[in-house]
Amino acid sequence: MMNNNLFNYTLHLADTTLILGQRNAAWCGHGPVLEQDIAITNISLDLIGQSRSFYQYAATQKADGSTEDSFAYLRSEREFKNCLLVEQPNGDWAQTILRQFLFSSFQHLLFQQLQNNKDATLAAIAEKSLKEVTYHLRWSSEWVIRLGDGTEESRNKMLKAITELWPFTGEQFIPATYEENMGINLLSIKEVWLKKVTDILTEATLQVPENIFMHTGGKNGIHTEQLGFILTELQYIQKTYPGCEW
Amino acid sequence: MVTMNNIIADKESVYACLQEIADPEIPVLSIIDLGIVRNIQITDDELEVFITSTYTGCPAMDMIAADIRMKLSSLGFTKIKITSLISPIWTTDWMSEEGKRKLIEYGIAPPDKRFLIAKDGVDCPHCQSSNTRLISEFGSTACKALFQCNDCQEPFDYFKCH
């Protein structure tokens, strides 16, 4: 019999990486310079690759004919369990960079724990992905510092990005019901995460906001208005021409 | 050795055949050189090939699987199963010495343990100078970083340690 918690947790990991991959992919051909255009789309590719591994695993758990594609293309907004942070708009380069940094710094710690999980498949996907996430974290950290400690304009954009995105950083650390027995210690991740983020923001001459209201809900399918727009675009072909292949 | 469909197949001939399949993005390397093929298993009437992806999102994997299927059916196999393994995790340590030599000839700097993190100084595959600089940690594919040689001025890709 299927373990519902494991299944939902696998979908949560899959949805989160898919949606951030989809967001980053929109930069393709629009990056500020060619090298960074390639960097952000490479990160997108890694994230979509990770999401495929998680969706494939979810499909073997469900064992009812569901596939990685049906999970990605045929579920509705309320069924998606991604964190709210990753569905926030690309905004400008500063906002995209900060979103990536806030997520990668969390994902790096999460996958370090997950690679030792008692579930061998989740552990293997985490171990494999960790090599990629290490690049994402280093790259986005460097950019946060460059922009925060850069020109007046880049700094102002980074300040605005912090105001926009910080309210979406609390949710990661509050376990959803399906997450509670997955052997992940979110509290210890939170402590190390906050220190890492504080260190990088300090180096970027920026500050971690305090006492900010935090939005929640993504893990349980309650999303900001953003997700609907993303899915409309992402799922358009399969919803208009069901089963279409190329 | 197993006889099927009037062909005689052993592991060696299958490996020799797989050695001819090029990586679609770095055609100078075969999927054997890259360490993508982890194992093969020949049972009564089925051939199973175990492969692993380099990066999770490597877009070449579907094409590689299709190439394996096509190539091996030319050997006479009709039941071919391709199984993707996640674990053990692919690493550039599995790249053959032959593969590294071919990369240099092709103009790509091979993985170098002195540069686990891509940084200035990777040997230029064109003029062998180590007076080189990192342009971007992300190159034309996920597995490569972009460099330029300060001596011969040529840009080149570095196949990152992974």
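Predicted model: local features only at pLDDT ≥ 70, side-chain atom pairs only at ≥ 80, totals over all residues.
Residues are numbered from 1 along each chain as its sequence is written, and chains are lettered from A, with ligands numbered from 1, in the order in which they are written.

**Entry: the helix pair**

I recorded that the axes of α5 (residues 93-114) and α7 (residues 152-165), both of chain A, come within 8 Å and cross at roughly 50 degrees. That angle makes α5(A) oblique to α7(A), since angles under 35 degrees count as roughly parallel, over 145 as roughly antiparallel, 65 to 115 as roughly perpendicular and the rest as oblique. The axes are lines fitted to C-alpha atoms, for helices over the stretch in contact, and the angles run from 0 to 180 degrees between N-to-C directions. From α5(A) the contact draws on A:Ala94, A:Gln95, A:Leu98, A:Arg99 and A:Leu102, and from α7(A) it includes A:Met158, A:Ala161, A:Ile162 and A:Leu165; two residues are in contact if their C-beta atoms, placed from the backbone, lie within 7 Å. I sorted the residues of this contact into seven nonpolar, two polar and three charged, with Ala, Val, Leu, Ile, Met, Phe, Trp, Tyr, Cys and Pro taken as nonpolar, Asp, Glu, Lys and Arg as charged, and the others, Gly among them, as polar.

**Entry: A:Leu85**

I then turned to A:Leu85, which lies in helix α4 (residues 84-87) of chain A. A:Leu85 counts as buried, with 24 C-beta neighbours inside 10 Å; the cut-offs are 20 or more other C-beta atoms within 10 Å for buried, 12 or fewer for exposed, and partly exposed in between. Leaving aside neighbours within four places in sequence, A:Leu85 is in contact with A:Arg99, A:Leu102, A:Phe103, A:Leu165, A:Phe168 and A:Thr169. I also noted 9.8 Å between the C-alpha atoms of A:Leu85 and A:Thr216, which are 131 residues apart along the chain.

**Entry: chain A as a whole**

For chain A I found nine helices and zero strands, where helices (H or I, at least four residues) and strands (E, at least two) are DSSP runs numbered from the N terminus. Its radius of gyration, taken over C-alpha atoms, is 18 Å, close to the 18 Å that the globule rule (2.2 Å times the number of residues to the power 0.38) gives for 246 residues, so chain A is as compact as a globular protein of that length. Buried residues make up 43% of the 246 residues in chain A.

**Entry: chain B and the backbone**

I noted that 15 residues of chain B are in contact with 19 residues of chain A, and that the chain B side divides into nine nonpolar, five polar and one charged. The peptide bond from B:Ser87 to B:Pro88 is cis, with omega near 0 degrees, and B:Pro88 sits in the loop between β5 (80-85) and α3 (97-106) of chain B. A:Ala63, although not a glycine, has a positive phi of about 50 degrees; A:Ala63 is exposed, with 8 other C-beta atoms within 10 Å.
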